[in-house]
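Welcome! Please take a moment to look it over before reading on.

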Amino acid sequence: VPTFISTLAFFLVLRGAAGQITHGFSIMSFPPGFAALGSGHIWMIPVPAIIFLAVFLVMQLVMGYTTFGRAIYAVGGNAEAARLSGIPVGWVKVGVMVIVAVLAALAGLMQASQISSGNPKAAVDGWELDVIASVIIGGTSLMGGSGRIWGTFIGILFLGVLLNGMTLMDVGDYWQMIVRGGLILLAVLLNAALSKRR
């Protein structure tokens with residue numbers, strides 16, 4: 001099963017399980033100081049911005065300067081060739097999934113901290129498409145094996161500025177969805193065209 005599909009499927013399963021456990025009600029009681037994770041400041045810099053930059057720098061180092069980072073590119077490009085080269089493909093995939101899970105949990109904690117509420121139904125609606133769009137706009141191939149952390153960083157900034165600009169210009173939610181979908185489609189088409197030329 002393609003990892004991309006199994007991840008989306010499991011996302012729906014876990015989201016449904018979270019809703020079933022909470023019966024659709026928000027979790028509201030958090031310990032004192034929890035709000036600082038999503039709304040606090042250190043030397044006038046928001047804590048989420050510090051966490052974002054720290055994660056970005058760590059992942060830049062991992063992907064650019066470690067054996068594990070090179071193995072991720074190799075497995076993404078051609079898993080069979082990577083296996084024949086002696087790379088433990090299964091362990092690399094598990095390692096990537098663990099990293100993604102930890103970062104997703106951290107993002108969920110920051111979101112709950114910002115709104116002082118935990119609700120699996122309302123908090124992340126549509127975010128998975130924004131993440132996919134940011135990564136594709138940043139130049140990462142859906143087929144795997146190519147892409148840079150810097151590109152994803154630029155994709156996040158571009159999409160964030162675009163969506164924020166549309167909100168400030170009072171563009172309706174439906175038009176914003178149309179623009180998001182169009183961006184994803186355009187980025188995938190450009191990505192496919194560039195891959196063919198290579």
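Leaving aside its neighbours within four places in sequence, which residues is Thr-140 in contact with? They are Val-135, Ser-146, Gly-147, Arg-148, Thr-152 and Asn-191, where contact means heavy atoms within 4.5 Å. This is a predicted model, in which local features need pLDDT of at least 70 and side-chain atom pairs count only at pLDDT 80 or more, while totals for chains, interfaces and linings use all residues. Residues are numbered from 1 along each chain as its sequence is written, and side-chain values use heavy atoms, with hydrogens and water left out.

**Thr-140 and its loop**

- Thr-140 sits in the loop between α7 (127–137) and α8; helices (H or I, at least four residues) and strands (E, at least two) are DSSP runs, numbered from the N terminus.
- With 18% relative accessibility, Thr-140 counts as buried, because buried means under 20% relative accessible area, with exposed over 50% and partly exposed in between (1.4 Å probe, protein chains only).

**Helix α8**

- Buried residues of α8 are Gly-151, Thr-152, Phe-153, Gly-155, Leu-159, Leu-163 and Met-166.

**How α3 meets α8**

- Helix α3 (residues 47–65) packs with helix α8 (residues 149–168) at an angle of about 150°, their axes being 9 Å apart; axes are lines fitted to C-alpha atoms, for helices over the stretch in contact, and angles run from 0 to 180 degrees between N-to-C directions.
- That angle makes α3 roughly antiparallel to α8, since angles over 145 degrees count as roughly antiparallel, under 35 as roughly parallel, 65 to 115 as roughly perpendicular and the rest as oblique.
- On the α3 side, the contact is made by Phe-52, Leu-53, Phe-56, Met-59, Gln-60 and Met-63, and α8 contributes Ile-149, Trp-150, Phe-153 and Ile-156.
- By class, this contact of α3 with α8 has 9 nonpolar, 1 polar and no charged residues (Ala, Val, Leu, Ile, Met, Phe, Trp, Tyr, Cys and Pro count as nonpolar, Asp, Glu, Lys and Arg as charged, and the others, Gly among them, as polar).

**Aromatic rings**

- Rings of Phe, Tyr and Trp (its six-membered ring) pair if their centres lie within 6.5 Å; planes under 30 degrees apart count as stacked, over 60 as edge-to-face and the rest as tilted.
- By this rule the count comes to 5 aromatic pairs.
- The ring centres of Phe-56 and Trp-150 are 4.9 Å apart and their planes lie at 80°, so this pair is edge-to-face.
- Phe-56 in α3 and Trp-150 in α8 are 94 residues apart, and their pair links distant parts of the chain.
- Phe-56 is buried, at 9% relative accessible area, whereas Trp-150 is partly exposed, at 48%.
- Trp-150 also forms an edge-to-face pair with Phe-153, 5.8 Å centre to centre and with 80° between the planes.
- Trp-150 and Phe-153 are separated by about one helical turn, because they are 3 residues apart in α8.
- Phe-52, Phe-56, Trp-150 and Phe-153 form one aromatic cluster.

**Positive phi values**

- Most residues other than glycine have a negative phi.
- Trp-43 has a positive phi, near 55°, and lies in the loop between β1 (41–42) and β2 (45–46).
- Asp-170, which follows α8, has a positive phi near 60° and is exposed at 69% relative accessibility.
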